Amino acid sequence: METAINPWWIIGGVLFAVLNTAAGLIWVERRMLALWQDRYGPNRAGPFGLLIVLADSIKMFFKEDWIPPFADRLVFVFAPAIVVATVLMSFTIIPVAPGVVVADFNIGLLLFLAFSSLGAYSIMLGGWASNNKYALLGAMRGAAQMITYEVFMGLSLMGVVLLSGSFNLTDIVLAQQDGWFIVPQFIGFFIFLVAGLAETHRLPFDIPESESELVAGFHTEYSGMKFGMFFIGEYMGVTLISALVTTLYFGGWLGPDFLPPIFWFLAKTFAFICLFILLRASLPRPRYDQLVEYGWKFLLPLALVNLLVTGAIRLMQ
Amino acid sequence: MLLQSSASSYLPILIQGIMALAFVGITMVITHLVGPKRRTIDKLTPFESGISSVGNARSPFSIKYFLVAILFVLFDVEVIFMYPWAVNFRELGGKGMIEMFVFMGMLLLGFFYVIRKGALDWEK
């Protein structure tokens, strides 16, 4: 590994890139949704409405930071911090280019699973601390949804681990030099994508928030930058899942030689972010019982079968 | 290929964690300081679409959510046993595969029991 780059630069660069991507995604998502829904979207502030990001963040900064008197103060403040911190820490394991990774070590994938489990706490604690009926309903839904999809999110990743024989994401990328894992692990990819949508509670699985029935779900009582933290956390979650799909199933930085590896990684990740937005624009929200039953009764057995078949084929080779 | 991980390889994660928490903390403190403070009577009650709030929000809740949580604990613990098997798949070979088949069979047995019992049928 050529680790000629100062690790401090990598850490700073990853944090800077992720936070700016999350902010930029707000603009990208609004423009793309507008495109797919045949309307303009934000187009007033600056060229193509790009400065809307700046305007939004200034607005959020100068909003009143209100902690309701009926809320549980400490937990109420902690919940939005958890979601941002855990997602930011998950980015340590993702290799952006050869040698450009914050922490190159042998349990990378387990670390991601651990941090994504911690993410469930932010919803649960945020909704519970709000002491609001809508928030509690959203929190309960969110917690049950996230733990349901977590079971087979791990299982779907094990197919990749079987093929590469490592939890290290750099090794997993290098194992794909002969062919991306999307071909042998198509079912695993599908399960991981659905589980990733549910874990980040993005539309169509935004049942913890579902505006049409729960106002804003678990963050009904949140305002100002604390709401902004949940918001940014969601976009960073989308970026994280896209980056992981790229790394695990689409060969990470691997690509034709005429462009640098980091370009391929970023281009693939961006393509998956766009897929997430397209899914939001095109799919209706399922009912809650449908979501949970689909997870337990269909995706969990499918993930087990996928793992066993992958193992059996691997053994015969 | 197994890289040896020592305590020092967790250092970058620790640093990134500290920086992430610092970012969150500083942003929240700044917004707390620069934002206006206006106490109005409407902000003192939980928002429930304009209908005045009745009772405590933390009231008894549907048992189904608890059931899902219990099932999650059971299944996640069993699924975790597959992680070391997956990463050591090549060393364990055919014997490990058969053992994993047996293990998964038992897991599925419990799974079918749960389904037949109707534990996952939300509507009942």
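A pocket here is an open set of points on a 1 Å grid over the protein atoms alone, with protein on both sides within 12 Å along at least five of seven lines, whereas a cavity is a set of points where a 1.4 Å probe fits but cannot get out. Lining residues have an atom within 4 Å of a point. Grid points are joined across faces, edges and corners, and a volume is the space filled by probe spheres set on the points. The structure is a predicted model, in which local features need pLDDT of at least 70 and side-chain atom pairs count only at pLDDT 80 or more, while totals for chains, interfaces and linings use all residues. Residues are numbered from 1 along each chain as its sequence is written, chains are lettered from A and ligands numbered from 1 in the order in which they are written, and side-chain values use heavy atoms, with hydrogens and water left out.

How is this second largest pocket lined? It has 22 lining residues, and A17(A), V18(A), T21(A), F265(A) and L266(A) lie nearest its centre. At least two lining residues come from each of α1, α9 and α10 (261-282) of chain A, with α1(A) giving the largest share, ten residues. Such helices (H or I, at least four residues), like strands (E, at least two), are DSSP runs numbered from the N terminus. By class, this lining has 17 nonpolar, five polar and no charged residues. In this scheme Ala, Val, Leu, Ile, Met, Phe, Trp, Tyr, Cys and Pro count as nonpolar, Asp, Glu, Lys and Arg as charged, and the others, Gly among them, as polar.

The largest pocket holds about 690 Å³ of space. Its lining counts 31 residues, and those nearest the centre are T220(A), Y222(A), S223(A), G224(A) and F227(A). The elements giving two or more residues to this lining are α1 (7-36), α2 (52-61) and α9 (224-249) of chain A. Here the classes are eleven nonpolar, eight polar and twelve charged residues.

The largest cavity has a volume of about 270 Å³. It is lined by 22 residues, with V87(A), M146(A), E199(A), T200(A) and G237(A) closest to its centre. Helices α3 (73-90), α4 (108-130), α5 (133-164) and α9 of chain A each contribute at least two residues to that lining, which divides into eleven nonpolar, nine polar and two charged residues. The second largest cavity has a volume of about 40 Å³. Among the residues lining the second largest cavity are I93(A), F105(A) and N168(A), and its classes are five nonpolar, three polar and one charged.

After α1(A) comes D38(A), with a positive phi near 65°. Helix α11 (residues 288-316) of chain A has 29 residues and reaches 41 Å between its first and last C-alpha, close to the expected 42 Å. In α11(A), a kink of about 35° is centred on G295(A).

Finally, confidence can be read from pLDDT, the predictor's confidence in each residue, from 0 to 100. Chain A has a mean pLDDT of 84, with 98% of its residues at 70 or more. For chain B the mean is 80, and 93% of residues reach 70 or more. The model scores ipTM 0.80 and pTM 0.87.

Notes. The expected span of a helix is 1.5 Å times one less than its number of residues. The bend at a residue is the angle between axes fitted to the seven residues ending there and the seven starting there.
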